[in-house]
Amino acid sequence: MQAIKTENLTKYYGKKRGIIDVSLEVDEGAVMGFIGPNGAGKSTTIRTLLGLLFPTGGGASVLGMDIIKDKTRILESVGYLPPETAFYSGMRAHEVIELSARLRKKDCAEEAKRLCDRLELDTKRRVRELSLGNKKKVGIVCAMQHRPRLYIFDEPTSGLDPLIRRRFFELLAERNAEGATVLLSSHDLSEVAKSCTHAAMIREGRLLASGRLNELAGAGAKQVALKGIRDASPLKKLENASTFEENGDELSFLYSGSAKELVSALSVLEFSDIDIREQEPEEVFMRYYSSEGK
């Protein structure tokens with residue numbers, strides 16, 4: 001069963017594009033990184049999934065529930081953290097956390113305390129006294145204290161210091177080991193590469209690719225680096241070669257064609273050393289941020 005499934009999900013703001021024909025599946029138990037440049041449609045997708053925005057077209061289900069018919073049940077069943085947390089400024093942190101639990105009609109006191117201790121959150125301070133990072137901690141506790149089956153986090157680590165970031169991902173790994181599913185929207189490509197099992201890449205409102213991290217990296221072009229090369233012009237004529245970078249007598253490029261074709265082209269060239277390797281997930285992601293990823 002898919003924890004999240006969308007079919008041609010589309011959202012327009014009047015004539016302005018939000019997302020277009022997004023078809024995405026997130027398997028139960030996956031940790032899916034959701035990446036793309038600013039304005040790509042990540043937050044629009046998430047808010048539409050949660051019923052906070054009404055879709056223009058297509059459909060989707062979350063935990064087997066329809067995003068239109070069952071949006072209240074979905075919000076009750078999901079741990080959601082928006083990119084910007086907003087709480088009543090006069091309330092103390094523990095009051096916000098307790099209110100969140102009461103709204104779900106659950107006693108989460110013990111789990112909330114454990115989370116606050118792990119995240120080093122001072123719950124006696126009022127919201128207006130909290131830094132951005134500490135407000136984010138409050139939001140994380142509110143999203144996790146009821147131990148949902150699905151977590152949807154939109155830029156969860158912005159404002160967190162490196163130690164708390166690490167603890168946050170430790171918490172996610174623990175919940176995932178217990179069977180929970182995670183959809184994590186992030187601009188930190190290394191963060192996604194290290195913490196996620198799957199990734200989905202969106203740009204200009206359209207889903208470009210999705211799948212397991214190792215499959216996405218393996219399906220991408222290989223990184224080829226040559227040293228001591230005298231004349232690289234034959235390589236630049238290769239149909240499946242792109243993104244050439246030159247530095248003196250060093251040349252690197254991406255290659256997605258057959259090994260035989262590459263070896264044939266290299267056999268007539270003079271160079272002193274060669275390195276051919278699979279791209280790291282971060283490098284694959286970066287292609288979708290760059291102009292070549294369009």
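Predicted model: local features only at pLDDT ≥ 70, side-chain atom pairs only at ≥ 80, totals over all residues.
**Looking around helix α5**

Biologist: How many residues are in the largest nonpolar core?

Modeller: Ile97 is among those with the most contacts inside that core, along with Val138, Val141, Met144, Phe153 and Phe285. Another core, of 27 residues, lies apart from it and includes Ile46 and Val62. The largest one has 40 residues.

Biologist: Is α5 largely enclosed by the rest of the structure or largely open, and why?

Modeller: Buried means under 20% relative accessible area. The buried residues of α5 include Gly133, Lys136, Val138 and Met144, and what covers them includes β7, α3, α4, β8 and α6. Eleven of its 13 residues are buried, so α5 is largely enclosed.

Biologist: What distance separates the end C-alpha atoms of α5?

Modeller: Count 1.5 Å a residue, and the 13 residues of α5 should span 18 Å. The model agrees with that, because the end C-alpha atoms are apart by 18 Å.

Biologist: At roughly what angle do the axes of α4 and α5 cross?

Modeller: Ala112, Leu115, Cys116 and Leu119 in α4 meet Lys137, Ile140, Val141 and Met144 in α5. Those residues divide into seven nonpolar, no polar and one charged. The crossing is right-handed, and the axes come within 10 Å, crossing at roughly 145°.

Technical notes:
Residues numbered from 1 in each chain as written. Heavy atoms only, no water. Core = buried A, V, L, I, M, F, W, Y, C linked by side-chain atoms within 4.5 Å. Buried < 20%, exposed > 50% of the residue type's maximum accessible area, 1.4 Å probe, protein only. Helix = DSSP H or I, 4+ residues; strand = E, 2+ residues; numbered from the N terminus. Expected span 1.5 Å × (residues − 1). Contact = heavy atoms within 4.5 Å. Axes fitted to C-alpha atoms, helices over the stretch in contact; angles between N-to-C directions. Left-handed = near helix turned anticlockwise from the far one by under 90°. Nonpolar A, V, L, I, M, F, W, Y, C, P; charged D, E, K, R; others polar.
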